[in-house]
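Visitor: I would like a close look at one part of this model. Please take me through a single helix and its surroundings.

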Amino acid sequence: MAATAETRGIDVLQIVFKVVERCNIDCTYCYYYHGGDRSAMDRPPKVSRSTAATVAEWAAIGCQELAIGRVVVSFHGGEPMLLKPRDFANICTEFSSRIISHADLDFL
């Protein structure tokens with residue numbers, strides 16, 4: 001059963017979405033790359049469009065079922081701008097096309 005405005009308990013759903021697993025900056029203080037754990041190199045270097053679609057669909061269902069009025073997607077990763085502009089636009093499209101009919105959407 002979908003929540004109503006009277007029963008809504010979540011106003012904003014914030015998603016921290018990791019888009020890349022690599023970084024080209026190589027800061028010496030970086031705990032992730034200089035802490036001895038090299039497991040990041042075993043994972044795909046960037047998120048797939050299908051993963052973005054899956055997360056966006058999950059968020060859209062949550063908005064619909066829980067009457068969430070706003071979604072904020074914060075992009076994260078080693079260096080999010082390692083994505084090509086086209087790939088970044090495709091990820092944004094996956095979120096927009098699924099969420100905006102259910103809730104307001106902001107990207108950070």
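Guide: Look at the face of helix 2 that points away from its buried side: Pro85, Arg86 and Ser97 are exposed there. Exposed means over 50% relative accessible area, buried means under 20%, and partly exposed lies in between (1.4 Å probe, protein chains only). Helices (H or I, at least four residues) and strands (E, at least two) are DSSP runs, numbered from the N terminus.

A word on the source. This is a predicted model, where local features need pLDDT of at least 70 and side-chain atom pairs count only at pLDDT 80 or more, while totals for chains, interfaces and linings use all residues. Residues are numbered from 1 along each chain as its sequence is written, and side-chain values use heavy atoms, leaving out hydrogens and water.

Now turn to the buried side. Asp87, Ile91, Cys92, Glu94, Phe95 and Ile99 are the buried residues of helix 2. They sit on the same side of helix 2 because they cover an arc of only 145° around the axis. That arc is taken from the directions that lead from the helix axis to the C-beta atoms. One of these residues, Cys92, has 12% relative accessibility.

What do the buried residues of helix 2 pack against? Their partners are strand 1, helix 1, strand 2 and strand 3. Contact here means heavy atoms within 4.5 Å.

Two strands pair if DSSP finds at least two bridges between them. Strand 1 and strand 2 (residues 70-77) are joined by 8 bridges. Ile15, for example, has Val73 in strand 2 as its bridge partner.

Finally, helix 1 (residues 49-66). Cys63 has a relative accessible area of 2%.
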